[in-house]
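Colleague: I'm new to this one. Can you show it to me and then walk me through a few spots?

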Amino acid sequence: MKTMKTRPLLVLLARLAFLAPWLAAPARGQCPDWSPGFHLPGVEGQTYTLCEHDDGSGPRLFLGGGNLWVDGVGSPLVAWDGASWSAPGTAPNGPVRVLTTHDDGSGPALYAGGEFTSIGGLPAVNGIARWNGTAWSSLGSGLNGVAHAAAAFDDGSGAALYVGGEFSTAGGVPAARIARWNGSGWSAVGTGFNARVSALAVFDDGTGPLLYAAGSFTGLNGQAAARVARWDGVAWSALGTGLSSSAHCLIVHDDGTGPALFVGGNFTTAGGIPSQKVARWRGGAWSAAALPDNPFGGEVATFAEYDDGTGTHLYAGGSFGHNGGPPLRIARWNGGGWVSVGGGMGDATSGASVHALTTFDAGAGRELVAACTFANAGPTVAENIAAWNGATWRAVVSGQGLSSFGSALTVHDDGNRRVLVCAGSFDRAGTTSARRIATWDGDRWSTLGSGLGAASGAPDPRCVLSFDDGSGPAIYVANGFSQAGGQPAANIARWNASGWSPLGGGIPSGDLVALIAHDDGSGAKVYVAGANFNLAGGIPVANIAAWDGASWASVGAGLPGEVRALAEFDFGQGLELVAGGRFQLGAGQPFERVAAWDGSTWRAVGFGTSPHSNDLVFALTAWHDGASSQLVAGGLFTSAGGIACSNVARFDGNAWSALGAGTNSSVSALASCATPSGPGLCAAGTFTTAGGVPAALVARWDGAAWSALGPFEALLPGAPRVMSLATYDARDGRGPQLFAAGSFQRLGGTPSRHIAAYSACDVAGRVVCSGDGSGAACPCGNASTPGAGAGCLNSTGNGGTLRARGLASLAQDTLALEGSAMTNGTALYFQGTQRVAGGAGAVFGDGLRCARGAVVRLEILPNSAGASHYPRAGDAPVAMKGLITAPGVRVYQIWFRDAASFCTSSTFNLTNALEVVWQP
């Protein structure tokens with residue numbers, strides 16, 4: 001072995017300046033898929049029933065309903081063990097209306113009833129099935145209708161499961177709305193009822209346990225029975241004159257005056273006694289269970305008992321209110337009246353209700369769980385499910401989705417932290433109440449003061465911008481509001497460290513859809529564009545206006561038509577403002593879709609897009625494909641500059657061209673994004689194919705072909721659409737993510753309510769100068785593993801490895817350089833503008849050198865466990881430290897000390913190098 005010598009870093013940089021051009025090899029990126037967690041904070045869909053059951057894997061809370069989605073699990077029947085959600089077996093093909101636990105002699109099992117005809121892959125189960133913890137089984141041939149209620153009862157001939165609902169046969173046996181299952185077969189229960197049975201319960205009124213049924217029926221056995229009756233094992237009998245309207249639920253409860261059967265529903269009298277929505281049956285007589293001030297303005301749908309620490313109380317859920325005031329939807333019986341429970345359940349809609357109640361211990365003590373259709377429990381944001389501990393409500397399921405559309409995204413850095421800003425029509429972001437605008441820091445949502453105020457039905461904010469006009473970083477937002485932070489702001493406002501402020505007199509009317517910061521030579525200004533607005537701060541304008549921090553101004557004569565997108569692009573004379581939409585640049589001129597402003601005049605860009613007057617450009621962006629910058633337009637059009645294209649096209653400064661076969665429907669948003677092999681362009685909108693490849697709403701162009709992001713899944717109803725894209729890196733180790741906002745419930749098969757995050761490729765850039773045999777030979781046969789894309793082996797027996805994550809964009813620099821498998825010495829991160837030996841590299845020390853040209857030293861860092869990274873907290877971004885001011889290619893490498901006697905006489909080695917293409 002040769003003795004090593006120290007090479008000063010300055011000597012290294014001097015020698016690096018003489019290296020020659022290169023050839024790249026693709027790096028191996030990993031594209032995990034759309035990130036979970038952006039569902040609603042709760043259950044999506046309507047829950048009809050709750051039941052605690054231990055099927056052998058521990059107690060779980062089972063939820064039955066319509067098409068439920070919770071924490072990434074979708075099924076009409078889901079289960080929660082206090083920590084995670086699952087679906088027991090293959091999902092039923094219809095709603096689950098009732099759940100109960102029953103032992104038919106073969107052990108306790110969960111019985112599910114509802115509207116399904118198959119479950120667990122079993123056909124013809126017809127409305128009812130049994131789960132033993134591992135598999136589903138049928139109950140004979142099931143029911144010919146819907147099951148709504150179930151209860152175990154022993155009429156003297158043995159315990160059996162009684163099922164009520166809307167059916168006329170059970171197991172082929174005539175059974176009018178109620179039937180008995182003894183573990184092997186079905187039988188009728190008397191002559192049954194003439195309408196639905198909604199609830200069953202066993203109650204002993206002093207003469208022995210009897211089975212009670214309630215519902216909407218009015219007759220049994222040829223005699224009147226108004227919505228409630230009892231079965232003694234031989235015959236049915238009415239309970240006095242019964243109820244004045246339908247009953248939905250039954251429960252036995254002792255409020256301190258003795259056990260009684262409580263009945264809830266939509267009635268106003270019981271046995272002729274006024275009793276709003278709730279009544280008690282005891283000792284052969286009815287009594288009221290409602291206060292004289294009529295607390296129940298809606299209906300009662302469910303009951304449950306719960307000990308809140310002051311004793312076991314009766315809780316009622318439904319759609320009721322109190323004296324015409326705010327709906328409560330849940331209340332507690334204190335023995336003499338009903339009281340509110342933690343403020344009750346609220347919603348932005350009038351249809352909110354609680355249809356299911358039960359208790360469950362998730363590990364921190366037993367709680368009362370309420371479910372159905374609501375947005376918050378008391379002050380707590382909780383979508384359709386919440387838990388009450390006797391003092392406060394809490395959300396059962398975490399989730400970071402939006403309550404309504406997300407329309408616009410941008411990334412903002414206020415000097416303390418970098419956040420993603422989202423604006424739209426939502427009033428909740430995750431578990432945070434947020435009025436139409438919120439910020440995401442990688443873990444949670446935060447509000448911007450009291451947000452944006454607008455009249456009911458007003459359009460949503462459509463555009464956001466992060467910009468520093470010299471007075472500090474600020475967020476600009478436009479469209480669809482009259483107040484910002486509680487003060488007047490006509491459709492456009494600014495948020496900074498001091499709070500919200502209007503922009504002069506604002507823009508009183510119009511549809512504002514685009515914001516951008518641009519300097520046309522007269523100083524940087526904020527430009528806002530849209531349709532149907534002609535005044536900005538009292539100044540006449542034509543669909544586009546500029547704000548200089550103090551006043552509004554027109555942009556030339558403006559644009560006489562819709563403007564839907566703004567971007568910057570250098571056509572060769574410096575950055576110009578580019579507008580897209582549908583407008584005519586002069587009287588009698590054909591419709592144009594793209595125009596550029598050079599600071600004094602507007603001009604057409606090429607020949608615009610389609611000649612059809614109804615076609616539009618919705619999105620514009622500048623994109624660098626690794627060779628040159630291009631202006632890309634997306635929208636709804638069939639040609640650009642006379643060239644056939646489908647909804648997306650690019651302009652290279654001279655002519656328009658298509659991006660492959662384009663998309664089969666409109667493109668609403670464009671953004672630079674990473675691919676495994678280099679720079680990419682992501683497009684989003686309403687399409688289902690891109691380049692002929694199935695791609696739901698979002699697709700990626702790598703410069704040659706389109707590909708889907710994640711698995712394709714048929715779109716859910718409701719005209720789903722992605723309206724905005726942005727790349728955001730929370731710098732939390734998870735890497736950059738492509739965020740999409742719009743109107744959708746799922747992307748790439750992942751539940752994502754109106755906002756979604758795609759973890760794109762962890763590796764940015766392309767590997768060059770590898771010491772794995774793909775480039776020049778290592779100096780002493782110290783090649784690393786073939787195909788590893790690493791540097792020549794060092795004294796640890798590893799090849800030093802450089803990888804990069806993030807977005808290399810001058811507008812949004814999230815690039816992070818990460819070195820590993822080095823020694824625990826000093827590491828120099830440096831940048832060049834050219835490559836060595838066609839990308840093969842040249843021997844230098846114990847490794848291969850690659851970066852040459854204009855070399856910039858980024859940072860000298862200590863390695864720990866052979867690893868380091870740049871930038872660290874507080875470091876300047878790569879583009880700033882590397883003095884990068886224009887799009888183009890840069891080459892990165894790490895020189896590191898290796899003091900052990902190993903290979904050559906040198907005492908240093910190098911990692912592989914990375915070529916990174918910087919975007920505008």
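Colleague: Which residues lie nearest the centre of the second largest pocket, and how many line it?
Modeller: The second largest pocket has 35 lining residues, and Thr49, Ser198, His248, Cys249 and Thr302 lie nearest its centre. A pocket is an open set of points on a 1 Å grid over the protein atoms alone where a 1.4 Å probe fits, with protein on both sides within 12 Å along at least five of seven lines; lining residues have an atom within 4 Å of a point. This is a predicted model, where local features need pLDDT of at least 70 and side-chain atom pairs pLDDT 80 or more, while totals for chains, interfaces and linings use all residues. Residues are numbered from 1 along each chain as its sequence is written, and side-chain values use heavy atoms, with hydrogens and water left out.

Colleague: What volume does the second largest pocket have?
Modeller: About 1,100 Å³, a volume being the space filled by probe spheres set on the grid points, which are joined across faces, edges and corners.

Colleague: Which strands each supply at least two residues of its lining?
Modeller: They are β2 (47-54), β6 (96-103), β10 (146-154), β16 (197-204), β22 (247-254), β28 (300-307) and β33 (353-361). Strands (E, at least two residues) and helices (H or I, at least four) are DSSP runs numbered from the N terminus.

Colleague: And the lining by class?
Modeller: It has 21 nonpolar, ten polar and four charged residues. Ala, Val, Leu, Ile, Met, Phe, Trp, Tyr, Cys and Pro count as nonpolar, Asp, Glu, Lys and Arg as charged, and the others, Gly among them, as polar.

Colleague: Let's change topic. Where is His39 found?
Modeller: His39 sits in the loop between β1 (33-34) and β2. Its contacts (heavy atoms within 4.5 Å) beyond four places in sequence include Glu44, Asp71, Gln400, Pro751 and Arg753.

Colleague: Which backbone atom does its side chain reach?
Modeller: The side chain of Asn384 reaches the backbone nitrogen of Phe374, at 2.9 Å. Setting aside residues up to four places away in sequence, Asn384 also touches others, among them Val43, Glu44, Gly45 and Cys372.

Colleague: Next, Gly430. What does it touch?
Modeller: Not counting residues up to four places away in sequence, Gly430 touches Pro41, Val381, Gly399, Gln400, Gly401 and Trp445. Gly430 lies in the loop between β41 (428-429) and β42 (432-433) and is buried at 2% relative accessibility.

Colleague: Which strand holds Gly832?
Modeller: Gly832 is in β82 (residues 826-832), and at 0% relative accessibility Gly832 is buried. Its contacts beyond four places in sequence include Ala851, Arg852 and Arg890.

Colleague: Zooming out, how many helices and strands are there?
Modeller: The protein chain has two helices and 89 strands. Of its 920 residues, 55% are buried.

Colleague: Where does pLDDT stay under 50?
Modeller: Over residues 1-32; pLDDT is the predictor's confidence in each residue, from 0 to 100. The chain averages 88, and 91% of the residues score at least 70.

Conventions. Polar contact = N/O pair within 3.5 Å; in protein donor to acceptor, adjacent residues only side chain to side chain. Buried < 20%, exposed > 50% of the residue type's maximum accessible area, 1.4 Å probe, protein only.
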